[in-house]
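I opened my notebook to jot down what I looked up in this structure. Here it is, for anyone meeting it for the first time.

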Amino acid sequence: EDLIAQMHDDLYDGLKEEIEEAVRILLDRGWEPYRILTEGLVEGMRIVGIDFRDGILFVPEVLLSANAMKAGMSILRPLLAQTGAPKMGKMVIGTVKGDIHDIGKNLVSMMMEGAGFEVIDIGINNSVEAYLEALEEHRPEILGMSALLTTTMPYMKVVIDTLKEKGLRDQYIVLVGGAPLNEEFGAAVGADAYCRDAAVTVEIAKDLMA
Ligand code: B1M
């Protein structure tokens with residue numbers, strides 16, 4: 001599809017209005033919201049990530065791409081959430097301390113809501129205290145943590161160790177995710193599972209809740 005290639009270019013160039021328009025056009029053409037999300041937005045951001053890594057794109061440009069992606073996501077969000085799925089349980093999710101990447105976390109939140117979970121998103125740059133406070137207040141079954149930097153992912157262990165010290169670890173299903181993580185890391189920090197992407201998170205959450 002030409003429009004998908006165009007979306008990749010527009011996301012690369014950080015063109016918010018163009019992204020919004022493309023999402024609407026594809027919806028009008030009967031595309032599934034999830035397909036637009038993965039093939040248009042997530043794939044576009046993957047391409048941005050390569051040139052960011054290689055020093056071809058810089059922070060200000062990638063910020064524009066991120067904003068364009070968020071604009072597209074916000075059109076899709078209500079559509080993904082209105083599946084009428086039965087209520088599944090509650091999740092508190094946040095990006096760890098020192099880390100401001102939130103697109104992946106937001107996507108996980110959207111998909112979990114679509115699957116019937118109630119999601120309390122506590123945002124970015126969360127300290128142990130912030131996680132504990134949210135757990136205390138909302139009493140979810142699931143705690144989700146996101147990290148996109150190799151320098152911030154060890155903080156997940158700090159949070160999980162604190163839960164252990166306080167005798168709270170067993171009260172929650174702890175799920176972790178983010179591009180630099182892997183299964184081994186998830187096990188090493190003491191999470192219940194590492195989630196590769198948003199769709200996998202939903203599957204794992206359902207399995208562990210059953
Ligand atoms: Co950043 N950045 N960034 N960045 N950035 C990465 C992560 C990087 C890999 C780019 C690169 O060099 N190739 C690199 C990290 C290198 C490393 O640690 N090894 C990097 C860097 C270095 C930095 C800065 C340090 C750059 C600088 O300032 N010099 C800086 C750090 C800021 C900070 O956090 N303190 C920085 C800043 C930024 C922007 C602000 C410009 C922007 C963020 C905007 C925002 O989020 N609002 C940004 C972006 C956009 C990226 C890339 C290009 C894209 C991330 C993204 O949104 N992907 C990224 C490159 C990459 O990842 N390849 C990069 C799309 C998203 C859908 O995927 O987040 O992986 P992802 O989420 C997936 C899964 O991982 C999983 O499901 C999601 C959906 O399928 N998942 C979970 C994620 N969280 C989960 C939680 C769960 C479950 C699953 O809980 C249960």
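**Notes on an aspartate and a cobalt site**

I started with Asp-51, which I found in helix 3 (residues 33-53); helices are DSSP runs of H or I with at least four residues, strands are E runs of at least two, and both are numbered from the N terminus. I kept in mind that this is a predicted model, where local features need pLDDT of at least 70, side-chain atom pairs count only at pLDDT 80 or more, and totals for chains, interfaces and linings use all residues. Residues are numbered from 1 along each chain as its sequence is written, and side-chain values use heavy atoms, with hydrogens and water left out.

Next I looked for partners of Asp-51. Its side chain makes a polar contact with the side chain of Tyr-12 at 2.5 Å (N or O atoms within 3.5 Å; within protein, one must be able to donate a hydrogen and the other to accept it, and residues adjacent in sequence count only if both atoms are side-chain atoms). Leaving aside neighbours within four places in sequence, Asp-51 is in contact with Tyr-12, Ile-56 and Leu-57 (heavy atoms within 4.5 Å).

Then I went to the ligand. Which protein residue is the single donor to its cobalt atom? I got His-101, through NE2, 2.2 Å away (donors are N, O and S atoms within 2.8 Å of the metal, or 3.2 Å for Na, K and Ca; water is not among the atoms, so sites may look incomplete). His-101 is in the loop between strand 1 (89-95) and helix 5 (103-114).

A backbone N or O atom of Ile-100 lies 2.7 Å from a ligand oxygen. For Asp-102, a side-chain N or O atom is 2.7 Å from a ligand nitrogen.
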